[in-house]
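Student: I'd like to learn how to read a structure feature by feature. Could we take one and go through it together?

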Amino acid sequence: MASDEQMIKIVGDQFCVPYTMQLVVKRKVESFSNVHYDVFDITGNSLLQVDGGVWNSKKKRVIKDPAGFPVITLRKKALSWKKQWQIYQGESSEKNHFLCSVQRSNALQMKNNLDVYLASSYMEDGPDFHVTGSFTSMSFKVWKGNSVIAEVMHNFTWGTCMGKESFKLKVYPEVDYAFILALTVIMHETDKV
């Protein structure tokens, strides 16, 4: 768990709360060209939403607040051996708005593990965060060093076969839940291809 005196803020401190946050993420393929995610707290309040195309060559996902304003954009790097994604503030792709890079730990891996490199220390001393998945499900944990900072549980239902999926996120205190949502989307998108 994240320590109380160390806030893990990647996207913004408005997404860090002093208690463990339980979130529900619902993913739905709306058409052949669009996928949509909705994020709710346990009382049903809408917190964030994610939109993006399914079949476009430049995979891009935009995470928006409930009013529809862009918070961050996830962009898949074309022709990347380790399936690299880059995260930017707002809908930018400018270098000065670059937050972090996420890529598979190993290009030839059986289970989905990701390494996260923050812009401030990009590829210097190894990853700043590590995401470990399992062989049998889309559930995973997010690590900072030796501490788990978030857990994601995939709920398999018959709706999963129809393009509807849901995830439960457990984000520990003072950890940026928008960042954890971004990792959830990337983990899902990386596992599907």
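Student: Let's start with Arg27: is Arg27 buried or exposed?

Tutor: First, the ground rules. This is a predicted model, where local features need pLDDT of at least 70, side-chain atom pairs count only at pLDDT 80 or more, and totals for chains, interfaces and linings use all residues. Residues are numbered from 1 along each chain as its sequence is written, and side-chain values use heavy atoms, with hydrogens and water left out. Now the general idea: buried means under 20% relative accessible area, exposed means over 50%, and partly exposed is in between, using a 1.4 Å probe and protein chains only. Arg27 has a relative accessible area of 11%, so Arg27 is buried.

Student: And which residue forms a salt bridge with Arg27?

Tutor: A salt bridge here is a side-chain nitrogen of Lys or Arg within 4 Å of a carboxyl oxygen of Asp or Glu. For Arg27 the partner is Glu165, and their closest N and O atoms are 3.3 Å apart. The pair links distant parts of the chain, with Glu165 in strand S12 (residues 164–171) and Arg27 in strand S1 (residues 21–31), 138 residues apart. As for the labels, strands (E, at least two residues) and helices (H or I, at least four) are DSSP runs, numbered from the N terminus. Glu165 is buried too, at a relative accessible area of 6%.

Student: How many salt bridges does the rule give?

Tutor: The count comes to 3. Another one joins Lys64 and Asp51, with the closest N and O atoms 3.8 Å apart. Lys64 sits in strand S4 (residues 60–64) and Asp51 in strand S3 (residues 46–52), so this pair ties together parts 13 residues apart in sequence. Then there's Lys60 with Glu91, at 3.8 Å from N to O. That pair also links distant parts of the chain: Lys60 is in strand S4 and Glu91 in the loop between S6 and S7, 31 residues apart.

Student: Now strands. Which strands pair with S6?

Tutor: Two strands pair if DSSP finds at least two bridges between them. Strand S5 (residues 70–76) runs antiparallel to S6, joined by 5 bridges. S6 also pairs with strand S7 (residues 98–104) in the antiparallel sense, over 4 bridges. Look at Ile87 in S6: Leu74 stands opposite Ile87, and Ile87 in turn stands opposite Cys100 in S7. S6 is mostly covered, with 4 of its 5 residues buried.

Student: What about polar side chains around there?

Tutor: Gln86 is found in S6 (residues 85–89) and is buried at 16%. A polar contact is a pair of N or O atoms within 3.5 Å; within protein, one must be able to donate a hydrogen and the other to accept it, and residues adjacent in sequence count only if both atoms are side-chain atoms. The side chains of Gln86 and Tyr88 make one at 3.0 Å. In strand S7 you'll find Ser101, buried at 0%, whose side chain has a polar contact of 2.5 Å with that of Gln84.

Student: How many disulfides does a search of the whole structure find?

Tutor: A disulfide is a covalent bond between the sulfur atoms of two cysteines. The test is a pair of cysteine sulfur atoms within 2.5 Å, and the search finds 0.

Student: Last one: which residues touch the most other members of the largest nonpolar core?

Tutor: A nonpolar core is a set of buried Ala, Val, Leu, Ile, Met, Phe, Trp, Tyr and Cys residues joined through side-chain atoms within 4.5 Å. Of the 50 residues in the largest one, Leu48, Ile72, Leu74, Ile87, Phe179 and Ile180 touch the most other members. Helix H1 (residues 177–192) gives the largest share of this core, 10 residues. Leaving aside neighbours within four places in sequence, Ile180 is in contact (heavy atoms within 4.5 Å) with Val142, Ile149, Ala150, Leu169, Val171 and Val175.
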